Amino acid sequence: MGPPNAWAPEHLGPPPNAWGSRRPRDPPRHAGAAAAPGRRGPSVPGRRGPPDPDAGAPRPGPTRWGICAAGKISHDFLVALKTLPPEEHVAVAIAARELARAQDYARRFGVARAYGSYEELAEDPDVDVVYVATVNTQHLPAGRLFLAAGKPLLMEKPMGVSAAEVRELVAAARARGLFLMEGFWTRFFPAWGRLRGLLAGGALGEPRVLRAGLGLALGGVERLAAPALGGGALLDLGGYGLQMATGLLGGGRPPRRLRAHGCLHPTGVDETVTVTLEFGAGRLAEVTCSMAAELPGTAAVGGPRGWAQFPSHMNCPTELEVGGEREQFPLPPPSLPLHFPHGTGLRYEAQHVRECLLQGLTESPVMPLAESELVAQLLDEARRQVGAAGPEGGHGPTRGDTA
């Protein structure tokens, strides 16, 4: 039996579902829902499934994006879309709580329509999929709104501020046969794909150890210190290391044990946290996140035959080091200054969403919904163990105390 802070997978529900499930009915739809009576549905020729080359079907038209919120990450997402072919991706509408802000973004990026409410965006018949980039605590209400309107969603991480919120959104998407994916962009970078390929090919042997740390001095970001806004290092940064652990060591399944300890900000949110996950069969992961200190952003995985690591920017890697040899995966240059490092890498998750929609998938085989639920449950437990305050209430030890 583990120590008092140890956690065992009986806290979880049933094991994750099979990846990449399709709707139970045929034929699959490109954007996930039929147009309402009297509405003009999206014009993508491949809307009801992938084109049949033998039938001489025309190439599918562009995936038409709606952007929910006009903040920094939405800015970088729009810059990233500009690096993709316009015949495949186009932003057609953007909504913000302040119309003037949406209009400014629309002018800057050549977006056809700007709305002063999310409800107007939800009702736009020409939007194929919505990218939700609101503050964390607004992911659930925004997700409810767009799914009820029949819109497929790419939801910025975290999908919700608790496992209960994620379960609700997943259930709503599945009930409506709509595509839903959490935007853990890491999984779509070519460097990540290369690492997964090396592991699958046995280059390192059976992976046994993962060490990952992501730290940024974010004291000036007010929302991160606010419990009511879903602040804290775990919700903002910790998910990157946890999804890496479940994906590389856990095979998408829960660890046998989770132990977390850390320090809290004066407001009660978690400031610096280290989480240890035991997956059995000698597999161990240690994940650190901090919003108080800069860390190099390395993530290393090792097995009996060797090791590989992302030497920096583990959440958006453009380099992979294998046994001392480095491979580079350069990004296309941005057309405008970015708010976040490697922001044009958001293009990869956008490309993946388009591929999923054209295939009629309701979830991603790369970032499946069951794994989003699992990561949310691990975040819940880590926050519980360190006593972090959040929108659901509760308050832990004072600054400097450990749990």
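Two strands count as paired if DSSP finds at least two bridges between them. The model described here is a predicted one.

**The sheet**

By that criterion, strands S1 and S2 pair in the parallel sense, over six bridges. Within this pairing, Arg64 stands opposite Val90 in S2. Strands S4 and S5 also pair in the parallel sense, over three bridges, and Val132 stands opposite Met155 in S5.

These strands belong to an open sheet of six, in the order S3-S2-S1-S4-S5-S6, with parallel pairing. S3 and S6 stand at the edges, each with a single partner strand, so one side of each is left without a neighbour in the sheet. From one strand to the next, the twist averages 25 degrees. Helix H4, residues 139–148, packs on the sheet and touches S1, S4 and S5. The direction of H4 makes about 175 degrees with that of S5.

The table gives the two pairings described above.

| Strand pair | Sense | Bridges | Residues standing opposite |
|---|---|---|---|
| S1 and S2 | parallel | six bridges | Arg64 and Val90 |
| S4 and S5 | parallel | three bridges | Val132 and Met155 |

**Strand S1**

In a regular strand the side chains alternate between the two faces of the sheet. In S1, Thr63, Trp65 and Ile67 point one way, while Arg64, Gly66 and Cys68 point the other way. Six of the six residues of S1 are buried, so S1 is largely enclosed by the rest of the structure.

**Helix H2**

Helix H2 spans residues 99–109, and its buried residues are Ala102, Tyr105, Ala106 and Phe109. They lie on the same side of H2, because they cover an arc of only 100 degrees around the axis. Helix H1 and strands S2 and S3 are included in what covers these buried residues. On the face of H2 turned away from the buried side are the exposed residues Ala100 and Arg107. Just after H2, Gly110 takes a positive phi of about 70 degrees.

**The largest pocket**

The largest pocket has a volume of about 1200 Å³. It is lined by 41 residues, of which Lys72, Ile73, Arg223, Asp236 and Phe340 are the closest to its centre. The elements that give two or more residues to the lining are H1, strand S7 (209–215) and helix H7 (233–248). H7 gives the most, with three residues.

How values were computed
Residues are numbered from 1 along each chain as its sequence is written. This is a predicted model: local features need pLDDT of at least 70, side-chain atom pairs count only at pLDDT 80 or more; totals for chains, interfaces and linings use all residues. Side-chain values use heavy atoms; hydrogens and water are left out. Buried means under 20% relative accessible area, exposed over 50%, partly exposed in between (1.4 Å probe, protein chains only). Helices (H or I, at least four residues) and strands (E, at least two) are DSSP runs, numbered from the N terminus. The arc is that of the directions from the helix axis to the C-beta atoms. Contact means heavy atoms within 4.5 Å. Axes are lines fitted to C-alpha atoms, for helices over the stretch in contact, and angles run from 0 to 180 degrees between N-to-C directions. On a 1 Å grid over the protein atoms alone, a cavity is a set of points where a 1.4 Å probe fits but cannot get out, and a pocket is an open set with protein on both sides within 12 Å along at least five of seven lines; lining residues have an atom within 4 Å of a point. Grid points are joined across faces, edges and corners, and a volume is the space filled by probe spheres set on the points.
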